[in-house]
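Student: Hi! I have a structure to go through today, could you walk me through it?
Tutor: Happy to, let's take a look together.
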Amino acid sequence: MRIGGRYVVEKVLGSGGMGVVATARYPELQQKVAIKFLRPEHALNTVLNARFMREARLAARVKSEHFVRVFDIGKLPSGVPYLVMELLSGHDLADELVKHGRSRSKPRSTGCCSRWSVSRRFTRSASCIAI
């Protein structure tokens with residue numbers, strides 16, 4: 001499956017209540033990327049669609065080595081929005097917390113967010129990657 005005429009989807013990395021993240025190749029630049037899609041069942045919900053696109057635009061404005069870079073946004077012909085971001089290798093914070101005998105709960109996992117002024121509302125331990 002080719003997305004936006006540029007990205008070739010390879011496999012699903014994970015999914016949550018709002019979206020699905022897949023790995024993809026960008027053949028022209030010989031790069032691997034991650035693509036986050038809003039779940040198809042939410043695509044017609046104008047509030048969720050707007051929230052997803054707002055998240056993509058805000059994330060693209062953040063310039064920090066501690067934050068994933070967003071390269072592109074768009075919509076599939078079906079209306080499902082997507083954002084293209086750098087593909088990180090590593091494991092998520094939820095796994096790291098469990099490994100050290102900590103809870104995967106939101107309060108423990110989002111303590112770092114207050115230092116970066118990241119909204120705790122959109123953060124969960126499985127969204128943070130340890131590299």
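Tutor: A term to start with: two strands count as paired if DSSP finds at least two bridges between them. Please also keep in mind that this is a predicted model.

Student: Got it. In what order do the strands of the open sheet lie?
Tutor: The open sheet has six strands in the order β1-β2-β3-β4-β6-β5, and their pairing is antiparallel.

Student: And which strands stand at the edges?
Tutor: Those are β1 and β5. Each has a single partner strand, so one side of each is left without a neighbour in the sheet.

Student: What joins β1 to β2?
Tutor: Two bridges do, between β1 at residues 2–3 and β2 at residues 7–15, and the two strands run antiparallel. Ile3 stands opposite Tyr7 of β2.

Student: How many residues lie between β1 and β2 in the hairpin?
Tutor: Three residues lie between them, and Gly4 in that turn has a positive phi of about 60 degrees.

Student: Next pair, then. Over how many bridges do β2 and β3 pair?
Tutor: Over six bridges, in the antiparallel sense, with β3 covering residues 19–26. Ser15 has Val20 in β3 as its bridge partner, and Lys11 stands opposite Thr23 in β3. A hairpin of three residues joins β2 to β3.

Student: Let's stay in β3. Is Ala24 buried or exposed?
Tutor: Ala24, which is found in β3, counts as buried because its relative accessibility is 0%.

Student: What is Ala24 in contact with?
Tutor: Leaving aside neighbours within four places in sequence, Ala24 is in contact with Tyr7, Val8, Val9, Glu10, Gln31, Lys32, Val33 and Ile35. For Val9, the C-alpha to C-alpha distance to Ala24 is 4.1 Å, although they are 15 residues apart in sequence.

Student: Tyr7 has turned up already. What does Tyr7 contact?
Tutor: Again setting aside neighbours within four places in sequence, Tyr7 is in contact with Met1, Arg2, Ala24, Arg25, Tyr26, Val33, Ile35, Asp72 and Val84.

Student: Asp72 is in that list, so let's look there. Where does Asp72 lie?
Tutor: Asp72 lies in β5, residues 70–75.

Student: Why does Asp72 count as buried?
Tutor: Asp72 counts as buried because its relative accessible area is 16%, and the cut-off for buried is under 20%.

Student: Which side chains make polar contacts with the one of Asp72?
Tutor: Arg6 makes one, at 2.6 Å. Tyr7 makes another through its side chain, at 2.9 Å. Not counting residues up to four places away in sequence, Asp72 touches Arg6, Tyr7, Tyr82, Leu83 and Val84.

Student: Changing topic: which residues touch the most other members of the largest nonpolar core?
Tutor: That core has 13 residues, and Ile3, Tyr7, Ile35, Phe37 and Tyr82 are the ones that touch the most other members.

Student: Zooming out, how many helices and strands does the protein have?
Tutor: It has four helices and eight strands. From the N terminus on, the elements run β-β-β-β-α-β-β-β-α-α-α-β.

Student: What share of the residues counts as buried?
Tutor: Of the 131 residues, 33% count as buried. The protein exposes about 8,500 Å², with carbon and sulfur atoms supplying 54% of that area.

Student: And what about the contacts between residues 24 or more positions apart?
Tutor: They account for 40% of the contacts with a separation of 6 or more.

Student: Last topic, confidence. What is the average pLDDT?
Tutor: The average is 79, and 76% of the residues score at least 70.

Student: Which elements have the lowest and the highest mean pLDDT?
Tutor: Helix α4, residues 111–116, has the lowest at 45, while β4, residues 31–38, has the highest at 95. The pLDDT is below 50 over residues 107–111, a stretch with ten contacts in the model beyond near neighbours in sequence. It also stays under 50 over residues 113–125, where the model has 24 contacts beyond four places in sequence.

Student: How should I treat such stretches?
Tutor: Where pLDDT is low, the predicted coordinates should not be read in detail.

Methods: Residues numbered from 1 in each chain as written. Predicted model: local features only at pLDDT ≥ 70, side-chain atom pairs only at ≥ 80, totals over all residues. Heavy atoms only, no water. Buried < 20%, exposed > 50% of the residue type's maximum accessible area, 1.4 Å probe, protein only. Polar contact = N/O pair within 3.5 Å; in protein donor to acceptor, adjacent residues only side chain to side chain. Contact = heavy atoms within 4.5 Å. pLDDT = per-residue confidence, 0-100. Areas by Shrake-Rupley, 256 points an atom, 1.4 Å probe, with all protein chains shown as cover. Core = buried A, V, L, I, M, F, W, Y, C linked by side-chain atoms within 4.5 Å.
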